[in-house]
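Here's a quick tour for anyone meeting this protein for the first time. Have a look at it, then read on.

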Amino acid sequence: MPLWVFVLIVLFAAVTFASHFLFPSVRWFFRKRAERVIARVNERLQRPIEPFKLARRYDMIQRLIYDPEVTQAIVDHARKENIPENVAFEQARRYAREIVPSFSATAYFGFGIRLARWLSKSLYRIKLGTLDRKRLAEIDPDATVIFVMNHRSNMDYVLVTYLAANAGALSYAVGEWARVWPLSAIIRAMGAYFIRRRSRGALYRKVLARYVQMATRGGVSQAVFPEGGLSLDGKLAPPRKGLLNYIIEDFDPNLREVIFVPVALNYDRVLEDTFLIAADKAGKRKFRPPLWNVIKRMSRHFWLRMTRRFRGFGTASVSFGEPLKLSRFVAGIDADMTDAVADELMQRIADVIPVLGVPLVARHLLAKGPITVAALEAEVARSVATFSERKLPHPRRQTHVVVRDALNRMAGRKLVIESDEGVVVTELGRNILTYYANTIAHHFNADAEKLAENSAVAE
């Protein structure tokens with residue numbers, strides 16, 4: 001017998017032995033280990049991990065592509081494009097494989113939460129704004145909870161994952177930016193699912209819709225960004241209603257309640273601020289920082305850490321708004337339910353967006369022009385008193401500390417100059433400070449509207 005034939009026989013025998021005896025045993029070992037991890041994690045979570053989320057990814061993909069509605073969409077797509085149904089079926093399978101996550105409790109609660117905690121605390125002072133713990137604790141444990149958030153920075157994912165660690169495992173709707181190896185594998189293991197924001201194909205939309213609806217009916221806690229992308233100018237963007245519409249059109253209060261929890265985030269420093277502002281000025285949502293620029297910034301950051309001169313990026317604050325119970329809200333709506341729910345959620349997010357030092361000081365610097373530090377502190381103090389009366393999340397430190405910290409951060413980036421005439425905004429700083437002032441502009445607009453209403457009544 002030739003040697004190469006003998007080698008092939010041995011290899012085939014080894015593969016057969018492994019597939020029939022070794023691999024099943026290894027899978028069983030890791031499966032039992034994962035089940036023990038999940039049991040321990042569920043003991044300390046307010047909302048245990050849902051069985052839907054623990055299903056094997058292959059099984060979930062099969063369930064999705066053989067769903068009756070997806071099957072009908074495959075037939076319609078094949079007829080419309082004049083292609084064989086098996087070709088349309090494989091296309092749907094590719095979409096399903098792209099969307100469906102492969103959640104790992106070990107990855108999420110093992111290193112994911114720890115990494116999120118370390119990143120959050122090492123970059124920012126974390127501050128909780130509005131939070132009604134009792135109200136959140138009273139949420140029906142059988143309901144599907146969906147956190148609806150404004151999108152300020154890619155740190156939003158990290159920050160909310162850390163702060164909601166005790167509530168349960170969140171499943172994020174993640175855009176196409178993360179569909180690169182190895183980031184995609186890590187994000188899938190964290191339970192996130194990918195969506196194509198610009199896809200208009202009916203088949204893709206049906207596959208995505210059915211996955212979102214299955215996850216919602218399965219009780220999976222989710223986190224969505226209705227703005228559809230990062231804010232380029234600091235303001236809240238109009239909501240994109242695709243994901244909300246998928247959830248609402250499949251809603252049945254007799255099967256499972258859906259509760260939306262508004263979440264508002266704000267930062268003293270957004271890591272991507274200059275890229276976002278440049279994209280806004282260019283009128284293009286797509287932005288990709290040059291590799292050399294990224295390497296330069298990271299190198300400088302590591303150098304500051306090594307020399308112990310890194311002071312952090314200021315405060316990052318998260319507020320939780322009034323939960324919206326879908327069954328009660330829908331009962332009183334006669335018009336388009338998705339529009340009504342989206343508008344209400346965006347308003348509830350806007351109502352609790354935290355007011356932080358840098359945005360507040362930026363607002364007054366832009367409004368008043370050159371201003372002395374003493375006058376600036378007086379303006380900030382008046383605003384803080386107003387926000388306190390309205391029970392908005394606002395800076396709790398002494399006013400002079402808030403103003404001095406904000407000015408030092410702005411001066412460090414050459415956004416302002418302090419002189420005998422007062423504090424002056426530089427040409428470089430005008431666009432950047434406008435971005436931060438926009439994050440809280442609606443709070444001041446609300447005051448102006450209220451004042452106008454009171455004046456009209458008095459007349």
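What percentage of the 459 residues in the protein do buried residues make up? The answer is 47%, where buried means under 20% relative accessible area, exposed means over 50%, and partly exposed is in between (1.4 Å probe, protein chains only). Keep in mind that this is a predicted model: local features need pLDDT of at least 70, side-chain atom pairs count only at pLDDT 80 or more, and totals for chains, interfaces and linings use all residues. Residues are numbered from 1 along each chain as its sequence is written, and side-chain values use heavy atoms, with hydrogens and water left out.

**The overall picture**

- The protein has 20 helices and 10 strands; these are DSSP runs numbered from the N terminus, with helices being H or I of at least four residues and strands E of at least two.
- Take the contacts (heavy atoms within 4.5 Å) with a separation of 6 or more: 76% of them are between residues 24 or more positions apart.

**Helix 3 against helix 5**

- Helix 3 (residues 57-65) packs on helix 5 (residues 85-99) at an angle of about 135°, and their axes are 10 Å apart.
- Those axes are lines fitted to C-alpha atoms, for helices over the stretch in contact, and angles run from 0 to 180 degrees between N-to-C directions.
- That angle makes helix 3 oblique to helix 5; under 35 degrees counts as roughly parallel, over 145 as roughly antiparallel, 65 to 115 as roughly perpendicular, and the rest as oblique.
- On the helix 3 side you'll find Arg57, Ile61, Gln62, Leu64 and Ile65, and they meet Phe89, Ala92, Arg93, Ala96, Arg97 and Glu98 of helix 5.
- Sorted by class, that contact has 6 nonpolar, 1 polar and 4 charged residues; Ala, Val, Leu, Ile, Met, Phe, Trp, Tyr, Cys and Pro count as nonpolar, Asp, Glu, Lys and Arg as charged, and the others, Gly among them, as polar.

**Helix 16 against helix 18**

- The axes of helix 16 (residues 357-368) and helix 18 cross at roughly 80° and come within 9 Å.
- That makes helix 16 roughly perpendicular to helix 18.
- Helix 16 brings Gly357, Val358, Val361, Ala362 and Leu365 to the contact, while helix 18 brings Val402, Val403, Ala406, Leu407, Arg409 and Met410.
- The class tally for helix 16 with helix 18 is 9 nonpolar, 1 polar and 1 charged residues.

**Helix 19**

- Helix 19 (residues 427-438) has 12 residues and spans 18 Å from its first C-alpha to its last, close to the 16 Å expected at 1.5 Å a residue, a figure worked out as 1.5 Å times one less than the number of residues.
- Its buried residues are Gly429, Ile432, Leu433, Tyr435, Tyr436, Ala437 and Asn438.

**Two lysines in loops**

- Lys391 sits in the loop between helix 17 (373-389) and helix 18 (399-412), and has a positive phi of about 60° although it is not a glycine.
- Lys391 counts as exposed because its relative accessibility is 73%.
- Lys414 is in the loop between helix 18 and strand 9 (416-419), again with a positive phi of about 60° despite not being a glycine.
- Lys414 has 60% relative accessibility, so it counts as exposed.

- His77 belongs to helix 4 (residues 68-81) and is buried, at 17% relative accessible area.
- Leaving out residues up to four places away in sequence, His77 touches Ile83, Ala88, Gln91 and Leu203.
- Met337 is in helix 15 (residues 337-351) and is partly exposed, at 30%.
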